Amino acid sequence: LKNIAIKEKSGVYINEIEHREGNEIKQGDEITIAYRGSFINGLEFDKISGRTAFTFAYGSQGQVIKGLEIAIKSMREGQKSKIIIPSQLAFGEVGSTTLIVPPFTTVIYELEIVKVN
């Protein structure tokens, strides 16, 4: 099953790259993530890792796009996954506030749950 993407009911596809058996992520957990965001053609539009890894309280409004929030819920500390997010769960009909991601664009994230507190 390792190379099969699991489709969530929401339409988000999650393909586990590196499996971990850590605790489930719960609402309010402080988590640190690293990721690489790209378009379907592979062009990277965003990347955070190492010292720029992002820490936030899981479930708090406006921290990550809805598709990442859905994917994170099914992941564990240390896990890495490739996630395909349809536009309505990414930046939608408006696109990103930075204007890098156009409206109605499916995006792909390689996401790692670095730490869960």
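Q: Is E44 buried, exposed or in between?
A: E44 is partly exposed, with a relative accessible area of 37%. For the cut-offs, buried is under 20% relative accessible area, exposed is over 50%, and partly exposed is in between, using a 1.4 Å probe and protein chains only.

Q: What kind of model is this?
A: It's a predicted model, where local features need pLDDT of at least 70 and side-chain atom pairs count only at pLDDT 80 or more, while totals for chains, interfaces and linings use all residues. Residues are numbered from 1 along each chain as its sequence is written, and side-chain values use heavy atoms, with hydrogens and water left out.

Q: Ok, back to E44. Which residue forms a salt bridge with it?
A: R36 does, and the closest N and O atoms are 2.9 Å apart. A salt bridge here is a side-chain nitrogen of Lys or Arg within 4 Å of a carboxyl oxygen of Asp or Glu. R36 is partly exposed at 23% relative accessible area.

Q: How many salt bridges in the whole structure?
A: The search finds 7. One of them joins K80 and E18, with the closest N and O atoms 3.7 Å apart. That pair links distant parts of the chain, since K80 is in strand β6 and E18 in strand β2, 62 residues apart. Strands are DSSP runs of E with at least two residues, helices are runs of H or I with at least four, and both are numbered from the N terminus.

Q: How enclosed is α1 overall?
A: Largely enclosed by the rest of the structure, because 6 of its 8 residues (66-73) are buried. Those are G67, L68, E69, I70, A71 and I72. They pack against β2 (13-18), β3 (30-39), β5 (54-57), β6 and β7.

Q: Switching to the largest nonpolar core: which residues touch the most other members?
A: I33, I72, I83, I85 and L111, out of 28 residues in that core. β3, β4 (44-48), α1, β6 and β7 each supply at least two residues, and the largest share, 5 residues, comes from β7. A nonpolar core is a set of buried Ala, Val, Leu, Ile, Met, Phe, Trp, Tyr and Cys residues joined through side-chain atoms within 4.5 Å.

Q: What does I83 touch?
A: Leaving out residues up to four places away in sequence, its partners include V12, L68, A71, Y109 and L111. Contact means heavy atoms within 4.5 Å.

Q: How many aromatic pairs?
A: The count is 5. Phe, Tyr and Trp rings (six-membered ring for Trp) pair if their centres lie within 6.5 Å; planes under 30 degrees apart are stacked, over 60 edge-to-face, and the rest tilted. Y35 and Y109 are an edge-to-face pair, 5.2 Å centre to centre with 75 degrees between the planes. Y35 lies in strand β3 and Y109 in strand β7, so the pair ties together parts 74 residues apart in sequence.

Q: What's the geometry of F45 and Y109?
A: Their ring centres are 5.8 Å apart and their planes at 90 degrees, so that pair is edge-to-face too. F45 is buried at 14%, and Y109 is buried at 3%.

Q: Which residues form the aromatic cluster?
A: Y35, F39, F45, F91 and Y109.

Q: Where is F91 then?
A: In the loop between β6 (80-85) and β7 (107-116). F91 is partly exposed at 22%, and its contacts beyond four places in sequence are F45, I65, S96, V101 and Y109.

Q: And S96, buried or exposed?
A: S96 is buried at 7% relative accessible area. Its side chain reaches the backbone nitrogen of I100 at 3.2 Å.

Methods:
Polar contact = N/O pair within 3.5 Å; in protein donor to acceptor, adjacent residues only side chain to side chain.
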